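Walk through this model one piece at a time. Start with confidence, then move to a helix, then to a pair of domains.

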Amino acid sequence: MPLASSTTSIPAHWRIGHRALFAGLGLLLFVLMYLSLALGYRLYSPAEIWAALTAFDGSETHVVIRDLRLPRAVMAPMVGAALGIAGVIVQTLSRNRIASPDTLGLNAGAAFAVVLASGTLGISSLPGLSVAAASGALLTSFVVFGLAAAAGGMSPLRIVLVGVTFAGLFDSFVYVVLTANETMLDQLLFWLAGSFADRKLGLALNGLPFLLVGSVLAITLARPLDILQTDDSTARGLGVPLGVVRGIAFLAVALLSGAAVAMAGPVMFVGLVVPHAARALVGLGHRSQIVAAALVGALYATLADIVARFVIYPREAPVGAVTAIVGGLLLLVLLRRRAA
Amino acid sequence: MDKAVTVTALTVAYGAATALSAIDLGIPKGKVTVLAGPNGCGKSTLLRAIRRLHQPKSGEIRLGDLPISGLKEKELARHIGLLAQNPSAPGDMTVEELVRLGRYPHQTMLQPWSAADGEAIQAAMFGTGVSHLNDRRLGSLSGGQLQRVWIAMVLAQETDIICLDEPVNHLDMAHQIDCLDLVRRLNREHGRTVVLVLHDLNLAARYADRLVFLKGGSVVAEGEPVELMSEVLIEDVFGISCRVITDPVHERPLCIPIRNSTPRFRAETAA
């Protein structure tokens, strides 16, 4: 059986096709990041962009490119990659293809923390809110993990149930507070929809270590995550310590989602849709799936950020709204084609 | 008799309920041992305890001379393979992707893939006759094909001992025989020690080298099917009056059930 032997001897993630694909996606990302610098309310030429980045002269053009466009050209791919990887892990962890970091209540927890910080501590600066958001996401993940693990089993169903419960609780707290306090609603609405606008580059640098550690944990867990796709007995029979793997996987999700929500607020649907695209491209092996999800997520968020500048031109739409509309439609297509 | 696994005074409990009490049992090396008994007798629990999926309340299980409680997860997984009851995997996973999972206990972070892994996967798929299905998605397979693929995954694990928990539960008669013939071939040709949980007594008698009867969390009797399958013992263990004849084809004992003989059941049907 020559056909069988040619594929069985090489694992999928070593196949040359994947490497070429990843290189192609990387190149595409580079192009999109350039377009993110060039396109918007005003268009800039390559010469202007190059000058602004290498020979900054304080002109309005250079300020816009360096201080407004550059942070979002850097941050959008980071957030997209983080949410893409987090989505892959959550869907495997919960054995549920329509789960995402939202399902675990992480974004709702972040939003609640932001409303709390703004309402009780009077924090209104973006860096302050982003710290609150990250803390909210991290704390929520520990609570959800703790409750899901409390019964000993930490079954996928239990993870989802606990997560959805907390998402609902936090969301209703947020709405109650915001309904009662209209000034706060005005201040926080843009944050709550998710956006990359008006962020400083420093915010991306703060998020970078979380993103890196989360990604390394994810890649390290690739093989055990492959096996977590089977039932618990089979996974244990293959020598996977379920509790340890689930604990580390949860930590990775918390770091990645925390970094994302701190940078951009709750950007919906990226963590839900991107893993589907990644699996369609490279199959179910997590090593390839995680790399593909990072690249596709980065592309998706960057593209959404550019589109957000034009849908209600000359004003700007929240990127979370764009990712939700595009993602929602994509998911409908997926659901129509086969059970997502 | 050389023992692959020795169980000594094993007690397993779920909370307050005792599932197995003070079990002593030896699993002979290179043979097919079948654990049989009525529902809730503890046969699956015993199999899972041997694979350390249940922590014993007391007692000990040894692999050769090694107590399994001292082994690391992957180490144990290199000695004992498990085909769980009703195993599951995503329907869009390919056959080869699933079989490849069986290599996990042999891989490390620094050595994620070796030539031995590729050879083991090929051998396992060839041995179970699923090589031609390698790119097929699990969701597109029939029940019989799927069970062969799962067995291939366990086989790729290359363990001396293979535990199978009710592997023919949802298969039709032809595929039951097909699956158990395959398991016996793995035992005869590859020298694997096999431990099977079966609740079909006649299948148990047909495929077992050694048959173990459990009832109420204890081992009631063990031995070769021919010496073990007496009408009195079967009535005691399964609560059914029966006639035992010799299967004219395989010359194994064959149980013909007559009626449920438990007092409670008799009272209910009388009323």
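Residues are numbered from 1 along each chain as its sequence is written, chains are lettered from A and ligands numbered from 1 in the order in which they are written, and side-chain values use heavy atoms, without hydrogens and water.

Chain A averages a pLDDT of 87 (the predictor's confidence in each residue, from 0 to 100). In chain A, 93% of the residues score at least 70. Residues 1-10 of chain A stay under 50. The model still has 20 contacts for them beyond four places in sequence (heavy atoms within 4.5 Å). Where pLDDT is low, the predicted coordinates should not be read in detail.

Now turn to helix 15 of chain A, residues 319-337 (helices are DSSP runs of H or I, at least four residues, numbered from the N terminus). Its 19 residues reach 27 Å from first C-alpha to last. That is close to the 27 Å expected at 1.5 Å a residue (1.5 Å times one less than the number of residues). Among its buried residues are A:V319, A:G320, A:L331 and A:L334 (under 20% relative accessible area, 1.4 Å probe, protein chains only). Their cover includes helix 8, helix 13 and helix 14 of chain A.

Chain B is divided into domain 1 (3-228) and domain 2 (240-271), with bounds from an automatic or database domain assignment. Seven residues of domain 1 of chain B and five residues of domain 2 of chain B make the contact. The C-alpha centres of the two domains of chain B lie 28 Å apart.

Note on methods:
Predicted model: local features only at pLDDT ≥ 70, side-chain atom pairs only at ≥ 80, totals over all residues. Helix = DSSP H or I, 4+ residues; strand = E, 2+ residues; numbered from the N terminus. Buried < 20%, exposed > 50% of the residue type's maximum accessible area, 1.4 Å probe, protein only.
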